[in-house]
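Please open the structure in your viewer, colour it by chain, and keep the sequence panel at hand, as the tour below moves from one selection to the next.

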There are 2 protein chains.
Amino acid sequence: MYAGRVKTIQIDDFCCTPLHDGEIDADRANAMAPMLAALADPVRLRIVSMLLAAPEGTSCGCEMEGPLGLSQPTISHHLKVLREAGLVEGERRGRWVHYRVVTERLEDVAEALSPVRALV
Amino acid sequence: MYAGRVKTIQIDDFCCTPLHDGEIDADRANAMAPMLAALADPVRLRIVSMLLAAPEGTSCGCEMEGPLGLSQPTISHHLKVLREAGLVEGERRGRWVHYRVVTERLEDVAEALSPVRALV
DNA sequence: TCGATGTATCGATAATCGTCGATATATCGA
DNA sequence: TCGATATATCGACGATTATCGATACATCGA
């Protein structure tokens, strides 16, 4: 075996091998970020959790003002963010709009974040 | 909030049963939101994914400028956000800092977002 | 039709965020 | 010690965000 000569490089004179995209490339990252941003708020996390825990998985927005301690426009804003991220859906029933979590979307996010599954 | 009186209530004159906190109460929501916020950025998602895909699960920051197309201060900023969220750790090796994903933390986030597990 | 109630939108404000250039700090090789 | 390289911090800028009061829209009961 030759002793060295591959170049006069020191073995410590580089940091690491080149990086490449992993499971998540630029396009996927751009698609996922808005969903995570929609969840990255304490109020919206609680909304999602409350909806999941509601008797039939649905509730109207008017029930949320009390528990969350926020104004109606603010809650409407948060529901809109969640809706636009595809994480909840609203269905009008008379005066009220019943919201439910789109569990498939939520699962997708959870799945994408699971490093174990990403590595298997 | 109920629209009707508890007494002379019409069967259709209320929207739904009262809401309570689900799996995620206010404290937990406040604790989780920063972790999700750290992940709610395309650049940081790619950093995490690249680290997970790196040969030994680690890489120095200097390898990221090229693939991400961002300046060194910007990448350093994103790594700091991920560090402060507990999602990555950095270990100094000479001139370089080798970063790795704290997979346990990432699993925690994924777990908390999985509605199936939350309901079982 | 009218008044009451739930929801959405508008406009404003204070706070946060992503990005960069300039600069400081840390480590190595010479 | 000095110069080179990797990383962190600082200061600034434009963009986005969370929140609210005011207001518009939608639906119901009377």
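This is a predicted model: local features need pLDDT of at least 70, side-chain atom pairs count only at pLDDT 80 or more; totals for chains, interfaces and linings use all residues.

**First stop: where chain A touches chain B**

Begin by selecting both protein chains, and look at where 52 residues of chain A are in contact with 50 residues of chain B. On the chain A side, the elements that give two or more residues are α1 (26–39), α2 (42–53), β1 (58–60), α3 (65–68), β3, α5 (103–113) and α6 (115–119).

**Second stop: the surface near DNA strand C**

Next, select DNA strand C together with the 31 residues around it, of which A:Cys60, A:Cys62, A:Pro73, B:Pro73 and B:Thr74 come nearest. Two or more residues of this surface come from each of α4 (72–84) and β3 (96–101) of chain A, and from α4 (72–84) of chain B as well. Which element gives the most to the surface near DNA strand C? That is α4(A), with 6 residues. Sorted by class, the surface is made up of 14 nonpolar, 11 polar and 6 charged residues.

Now select residues 42–53 of chain B, the 12 residues of helix α2, which reaches 16 Å from its first C-alpha to its last, close to the 16 Å expected at 1.5 Å a residue. The helix α2(B) is mostly covered, since 9 of its 12 residues are buried; among them are B:Val43, B:Leu45, B:Ile47 and B:Val48, and also B:Arg44 and B:Arg46.

**Last stop: the sheet of chain B**

Finally, show the strands of chain B, where 3 strands form an open sheet in the order β1-β3-β2 with antiparallel pairing. The edge strands are β1 (58–60) and β2, each of which pairs on one side only, and neighbouring strands of the sheet are turned by 30° against each other on average, direction ignored.

Zoom in on β2 (residues 88–93) and β3 (residues 96–101) of chain B, which run antiparallel and are joined by 6 bridges. Along this pair, B:Val88 stands opposite B:Val101, while B:Arg92 stands opposite B:Val97. The hairpin has 2 residues between the strands, and there B:Gly94 takes a positive phi near 65°.

How values were computed. Residues are numbered from 1 along each chain as its sequence is written. Chains are lettered from A and ligands numbered from 1 in the order in which they are written. A residue is near a molecule or strand if its C-beta atom, placed from the backbone, lies within 6 Å of it. Helices (H or I, at least four residues) and strands (E, at least two) are DSSP runs, numbered from the N terminus. Ala, Val, Leu, Ile, Met, Phe, Trp, Tyr, Cys and Pro count as nonpolar, Asp, Glu, Lys and Arg as charged, and the others, Gly among them, as polar. The expected span of a helix is 1.5 Å times one less than its number of residues. A residue is buried if 20 or more other C-beta atoms lie within 10 Å of its own, exposed if 12 or fewer, and partly exposed in between; C-beta atoms are placed from the backbone. Two strands pair if DSSP finds at least two bridges between them. Axes are lines fitted to C-alpha atoms, for helices over the stretch in contact, and angles run from 0 to 180 degrees between N-to-C directions. Two residues are in contact if their C-beta atoms, placed from the backbone, lie within 7 Å.
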